[in-house]
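Have a look at the sequence and the model, then read on.

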Amino acid sequence: MITENEYDLALLRRAIDPQPLFFWSELPSTNSWALEQLACSELQPPAVVLTAKQTAGRGRQGRQWQSDEGCVTCSWVWQRPVDPASQVPVPAGQLAIAAALSVQQTLSYWLNDHRRSENALQIKWPNDVLVAGQKISGILIESTLATRPVDVIGIGININMQRLPDLTQPDESAKLQSFPRQPTSLWHHLGYRVPLTEVVSRLHRHLCENWNLLRDDWSTVCNAYVNRLAGRNGLVQVETAQGLIHGRCLGITDDGALKLETESGIIALASGTLLSWSLD
Ligand code: BTN
């Protein structure tokens, strides 16, 4: 059973101070709650919304996010950083990049993570984090429409889960996917449980650091992300609204789009699902 005791709330509040923590022992979705509260002006950024048990988690592209005991499900509600010179908010696509990098940096504390290790952490564009090729974390960023938007950065990470949802059932797109759909958890790689309070505290610190870099030094975030990008320099296959696109992965643009060299030239994909990639 999931209990509040999985989190040491006093410790966590100190770790994220001065940002307030809204903790719920059970909630349908931390992102939905945050968006509802923002809509009726009951919540002001910055804030962190955490639940020990998320019952109707939402994923990208209308998918569900299933979580069980031992999964971190948390949303950060922050104002979009602005470029200090132009006072223009940074591109939305950069947020996904900075968030995925923050998750990778957080998990690398526990995993013996270097690029060739068996527990290598990779980022599957735009913001899934993989361990040994299997998904361990997903990110859903939703934003309010305003001159300076407020972003809800929802992050799910499978930490202490011994059983994981079985996603291996064939579906419409399964025949195209060489990406293994079965997720993994940190427990499967470590063989022991880690304190969820520490995961959220460390993640909060990395997110704060990277959000500051979005304002001041995008290239540092971009380079660290590309260094972990699955398929970098290799041949990739991406499913887009316009169909399947094949090409060589050159990295990302300053908008966080995937840069590909294709038969018809260099293109940037703002959205799509990476289906397969060759090993680098
Ligand atoms: C994906 O992989 O498609 C994204 C999954 C995002 C899940 C997180 S868990 C916390 C937050 N609340 C939600 O309902 N979704 C995000």
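Just after H2, Ser41 takes a positive phi of about 55°. Before going further, note that this is a predicted model, where local features need pLDDT of at least 70, side-chain atom pairs count only at pLDDT 80 or more, and totals for chains, interfaces and linings use all residues. Residues are numbered from 1 along each chain as its sequence is written, and side-chain values use heavy atoms, with hydrogens and water left out.

Back to Ser41: this residue sits in the loop between H2 and E2, and it is not a glycine. Ser41 is exposed, with a relative accessible area of 54% (exposed means over 50%, buried under 20%, partly exposed in between, using a 1.4 Å probe and protein chains only). Helices (H or I, at least four residues) and strands (E, at least two) are DSSP runs, numbered from the N terminus. The loop between H2 and E2 also holds Pro46, and the peptide bond from Pro45 to Pro46 is cis, with omega near 0°.

How much of H2 is buried? Seven of its ten residues are, so H2 is largely enclosed by the rest of the structure. The buried ones are Thr30, Asn31, Ser32, Trp33, Ala34, Gln37 and Leu38. Their cover includes strand E1 (21-24), strand E2 (47-51), E3, E5, E8 and E9. Take Gln37, a member of H2 (residues 30-39): it counts as buried at 18% relative accessibility. Leaving aside residues up to four places away in sequence, Gln37 touches Glu42 and Leu43 (a contact means heavy atoms within 4.5 Å). At the start of H2, a side-chain oxygen of Ser29 comes within 3.3 Å of the backbone nitrogen of Asn31.

## Around the ligand

Which residues are closest to the ligand? They are Ser29, Gln54, Arg58, Arg60 and Lys135, out of 20 that surround it (a residue is near if one of its heavy atoms lies within 4 Å).

| Residue | Polar atom in | Distance to a ligand nitrogen |
|---|---|---|
| Thr30 | side chain | 3.1 Å |
| Arg58 | backbone | 2.7 Å |

The protein covers 99% of the 420 Å² of accessible area that the ligand has on its own (Shrake-Rupley method, 1.4 Å probe). H2, strand E3 (57-58), strand E5 (71-79), strand E8 (134-143) and strand E9 (150-158) each give two or more residues to the shell. E8 gives the largest share, four residues.

## The nonpolar cores

The largest nonpolar core has 63 residues, and those with the most contacts inside it are Tyr7, Trp76, Leu107 and Ile157. Such a core is a set of buried Ala, Val, Leu, Ile, Met, Phe, Trp, Tyr and Cys residues joined through side-chain atoms within 4.5 Å. Helix H3 (residues 92-107) supplies the largest share of this core, eight residues. A second, separate core of ten residues includes Leu27, Ala34, Leu38 and Val152. Among these, Ala34 and Leu38 are also buried residues of H2.

Terms used. A polar contact is a pair of N or O atoms within 3.5 Å; within protein, one must be able to donate a hydrogen and the other to accept it, and residues adjacent in sequence count only if both atoms are side-chain atoms.
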